[in-house]
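Subject: Structure handover

Hello,

Here is the structure I said I would pass on. My notes on it follow below.

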Amino acid sequence: MDPMERLRGVFTRTLGLPEGAEVDGLEYRSIPQWDSLAHMSLVAAMEDEFDIMIDTDDVLDMSSFAKATALLVKHGVPVPAR
């Protein structure tokens, strides 16, 4: 499966959003579901899904879906260019 689809799935499942919900433009706290607890759950789910370890600075910097995508690139996940 495409890494972007996998990341969208992580966001959808972790935030409890309906299947097919638009997540590409999401930002931290832009919806009630993405609070500080859900943020940590997102990080853990991303680590599990992509077999990466996200350091504290990156956890704090991951303030949007776009930044989560950049984080995957940083960890060598082959994300197609948009």
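Is Arg-29 buried or exposed? Arg-29 has a relative accessibility of 55%, so it counts as exposed, the cut-off being over 50%. Please keep in mind that this is a predicted model.

Loops

Arg-29 sits in the loop between H1 and H2. Its phi is positive, at about 65°, although Arg-29 is not a glycine. As background, most residues other than glycine have a negative phi. Asp-51 is another non-glycine residue with a positive phi, here of about 55°. Asp-51 belongs to the loop between H2 and helix H3, the latter covering residues 56–61. With a relative accessible area of 72%, Asp-51 is exposed.

Helices H1 and H4

As a general point, a pair of packed helices is described by the angle between their axes and the distance between the axes. Helix H1 runs over residues 3–15 and helix H4 over residues 65–74. Their axes come within 11 Å and cross at roughly 130°. The crossing of H1 past H4 is right-handed.

Not counting residues up to four places away in sequence, Thr-69 touches Met-4, Leu-7 and Val-79.

Arg-6

Which residues does Arg-6 contact, leaving aside its neighbours within four places in sequence? They are Met-1, Glu-49 and Phe-50. Arg-6 lies in helix H1 and is partly exposed, at 22% relative accessibility. Arg-6 and Glu-49 are 43 residues apart along the chain, and their C-alpha atoms are separated by 7.7 Å. The side chain of Arg-6 also reaches the backbone oxygen of Glu-49, at 2.6 Å.

His-39

His-39 is a residue of helix H2, which spans residues 36–50. Its relative accessibility is 7%, so His-39 counts as buried. What does the side chain of His-39 meet through polar atoms? One partner is the side chain of Trp-34, joined to that of His-39 by a polar contact of 3.1 Å. Another is the backbone oxygen of Val-59, which lies 2.8 Å from a polar atom of the His-39 side chain. With neighbours within four places in sequence left aside, the residues in contact with His-39 are Tyr-28, Trp-34, Val-59 and Met-62.

- the exposed residues Arg-29 and Asp-51, each with a positive phi;
- the right-handed crossing of H1 and H4;
- Arg-6 and the backbone oxygen of Glu-49;
- His-39 with Trp-34 and Val-59.

Regards

How values were computed: Residues numbered from 1 in each chain as written. Predicted model: local features only at pLDDT ≥ 70, side-chain atom pairs only at ≥ 80, totals over all residues. Heavy atoms only, no water. Helix = DSSP H or I, 4+ residues; strand = E, 2+ residues; numbered from the N terminus. Buried < 20%, exposed > 50% of the residue type's maximum accessible area, 1.4 Å probe, protein only. Polar contact = N/O pair within 3.5 Å; in protein donor to acceptor, adjacent residues only side chain to side chain. Contact = heavy atoms within 4.5 Å. Axes fitted to C-alpha atoms, helices over the stretch in contact; angles between N-to-C directions. Left-handed = near helix turned anticlockwise from the far one by under 90°.
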